[in-house]
Amino acid sequence: MTNKKHIGLYSSPWMIISAAAILLVIVVSLAVSNHNREKQYMSQILLEKGAALIKSFEAGTRTGMRAMGWNENQVQYLLRELADQADVLYIAITDTNGRILAHSDPEQINTRFFSKTGDQEVPDPGESAKWRLTETQNRMPAFEVYDFFNPLSGRNANRRHLGHMRQFAPRSGRTEQGRSWRIPDNSEENKQIIFIGFDRTPFIKARQQDIKITAIISSILLILGFTGMAIMLIARNYRATRQRLQDTSAMADQVVASLPVGLMVTDAQGVIVLHNPAAESITGLDASSVRGQAAAEVLPDNLARLICRQQADAQIMEQELECMFLPGQKRVPLSVSSTGIINEDGAFIGSMVILRDLTEIKDLQQTIQRKEKLAAVGELAAGIAHEIRNPLSSVKGMATYFKARYAQDPEARDAAAVMIQETDRLNRVISELLEFARPSEINARPADINPVLDHSLRLVRQDAAEKNIDIQLVKGRDLPAADIDSDRFIQCLLNLYLNAIQSMESGGILKVTSSRGAEKNIIIQVHDNGPGIARADLAKIFDPYFTTKASGTGLGLAIVHKIVESHNGRITVKSSPEEGTVFTITLPASANAETKEA
């Protein structure tokens, strides 16, 4: 279909030119045919008229000579009267040598009959009247009809009539100029020829008018042809330009829709005219709801002010902002690039804003900072732990010795016991510190996560029962296997369980769930309905030695975070006083194991 369309576009102008040329040829052919037909009609009409005049002149001469005894003077008079018609230029009678014997203009008698070609030959009429195109002496175009002139023996006269007329016909006579002229008879030496010249000017003017009309029609056809061609070329260019514009617009729309960054465009009045899908995802604002609205009404004040400022400045402005687009929405960290749009005339026509979501970048920065902090703390802790653990062993040994030696002294025995207890506590802290500082050694194997959850919860059921805490386990079905080190992962879960149990002093519910994530990963949630964690502390709970407990070391959640990361997983926390705290662990599915069922 496309090829046919292109062929039609390119062939249409040539079709119009061809049609115009064909019409032009037809018009010219008709004009030539009409010219020839008119020439034929003119020749036929004037020939018939000339032949009729010759017959009339012969008949008049014959009748006058027979009935009234006319001589040559009366015949000359009849010739002059007959030539007095509007379209008759002259009538002449000559002998076969071209000498004029009688003429409508008496001054021409006895002169040579004028010939257009300049020769003095007189044409031979033949058996019937003939015609030719010629000119008069004053260059007037003439249609000349000529024939033999023989009034005494008309072509239909019989010999009886001929004899009767000859008795009245004089042998010679005088013309008005005194020159002799003999009435012709049938003898070869006395043959005479009569010429009647008609004015061709009306016919010439008619032909010129026809040629003029033909030229006008031909010009109109040519103009129409070229105009049609120009119109077709303009239409073709218009269609091609419109198609290119549509293609460009479609490509621009596709590019804008596929941009990985948010794009917003406002007009000169600050009204939003473009809001691409990436901008919808970042802001949470639907394009149909914000398009046509003033930016100051639907965008946060800090972002709206940045857009409005671009009305007087076409330079690119870059700034990092934290914006909340909807009530109750989490503040979104953004990198905002904005600039004014200036047309070719230098007039401001709108603003363009590019939004980049920095949430993942900020999280990555925090993760890197945490790892750097943990690495520094780990190096320091490893050195301190080795330096402290050996003296602690000596202190504990001496305390045990004094406890046995002063067994009979209650005060000394109790002091030694306190020393032993505190030494054990300090040793436990050193052990945790070494556990946190040493590189994690993970022996990961594909495993079903639900049995691991069952086993880990059995280890804390007694502690939960003592505080009147109900344990709930909701196991997902059709979960993929995960590559985990079961012992290390159970240690991670136990830390989360114990923190949850310690936060619920008056009882509650410890709920553990497993499910399949959107990307075929595994999600584990540990949910308690305790008092929750303060918002200010949420960003620091995974930092080493940060704790809100009087007897805590601050290393439990740091170790949990390290174990989860060593499994290529991710842990997040969400907490509120009304709903408690939820820790969410996301683990990637194993690439070497089949899906397990609960």
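## A covered strand

Strand β9 spans residues 332-342 and is mostly covered, with nine of its 11 residues counted as buried. The coordinates come from a predicted model.

Side chains in a regular strand alternate between the two faces of the sheet.

## Pairing with β8

Strand β8, residues 317-323, runs antiparallel to β9, and seven bridges join the two. One of the paired positions is M317, whose bridge partner in β9 is S338.

## Pairing with β10

β9 also pairs with strand β10, which covers residues 348-357. The sense is again antiparallel, and the pairing extends over nine bridges. Within this pairing, I341 has G350 of β10 as its bridge partner.

β9 and β10 form a hairpin with five residues between the strands. In this hairpin G346 adopts a positive phi near 80°.

## The whole chain

The protein has 598 residues, of which 37% count as buried. Its secondary structure comprises 14 helices and 17 strands.

Among contacts between residues at least 6 apart in sequence, 63% link residues at least 24 apart.

Conventions: Residues numbered from 1 in each chain as written. Predicted model: local features only at pLDDT ≥ 70, side-chain atom pairs only at ≥ 80, totals over all residues. Heavy atoms only, no water. Helix = DSSP H or I, 4+ residues; strand = E, 2+ residues; numbered from the N terminus. Buried < 20%, exposed > 50% of the residue type's maximum accessible area, 1.4 Å probe, protein only. Contact = heavy atoms within 4.5 Å. Pairing = 2+ DSSP bridges.
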